[in-house]
Amino acid sequence: MGTRALFWVGDPTDLENREWLGSIAFDGYPSGVADLVSVATEDQFREYVKGLHDRRDFAHPGQGFPFPWDDDIFTTDLNYWFKDGTVYGKWFHYQSYPFSALLADEDSDEELELYPFIMFAITESQLPVSLA
């Protein structure tokens, strides 16, 4: 099973202003895209993603969304984006971090709690439909 990643310019949660550049289906974890740590400009970020086009698992926006779920950034393993001079990353629904912090955490023996994989309990009143 692959670690999928989406690449954006702008905050991917800003549905009106984001730009999806493409995605990869394998090795999307931080060390799999470690060269992002040296990206300092939007042009460099775009060039980095353009360099992924030759990968067999790369999906270009012109091909449509490649995964078996809706265009939902929170369902995809990782999202990376360039905004305000920084590359950011986010696992699923969790907090966003500068890419360098995600990469450092992946290589660390210490628990930095960047990936709080926990189960969430919700009450019936928080559900969109009644269970009754």
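Which residue forms a salt bridge with Arg46, the closest N and O atoms being 3.0 Å apart? Select Arg46 and you'll find Glu42 as that partner. Keep in mind that this is a predicted model.

**Stop 1: around Arg46.** Glu42 and Arg46 both sit in helix H1, 4 residues apart, or about one turn of the helix. Colour by accessibility and Arg46 comes out partly exposed at 27%, with Glu19 at 34% and Glu42 at 33%.

**Stop 2: Arg55 and Asp57.** Here's another salt bridge, with the closest N and O atoms 2.8 Å apart. Arg55 is partly exposed at 25% relative accessibility, whereas Asp57 is buried at 16%. Shared partners, meanwhile, join Glu19, Glu42 and Arg46 into one network.

Stop 3: Select residues 42-50 and pick out Phe45, Tyr48 and Val49, which are buried. They cover an arc of only 95 degrees around the axis, which puts them on the same side of H1.

**Stop 4: under the helix.** Show strands E1, E2, E3, E4 and E5, which are among what covers the buried residues of H1. In E2, 5 of 6 residues are buried. E2 pairs antiparallel with E1 over 5 bridges and with E3 over 2. Finish on Ile24 in E2: it stands opposite Ala5 and also opposite Phe58 in E3.

Terms used
Residues numbered from 1 in each chain as written. Predicted model: local features only at pLDDT ≥ 70, side-chain atom pairs only at ≥ 80, totals over all residues. Heavy atoms only, no water. Buried < 20%, exposed > 50% of the residue type's maximum accessible area, 1.4 Å probe, protein only. Arc of directions from axis to C-beta. Contact = heavy atoms within 4.5 Å. Pairing = 2+ DSSP bridges. Salt bridge = Lys/Arg side-chain N within 4 Å of Asp/Glu carboxyl O.
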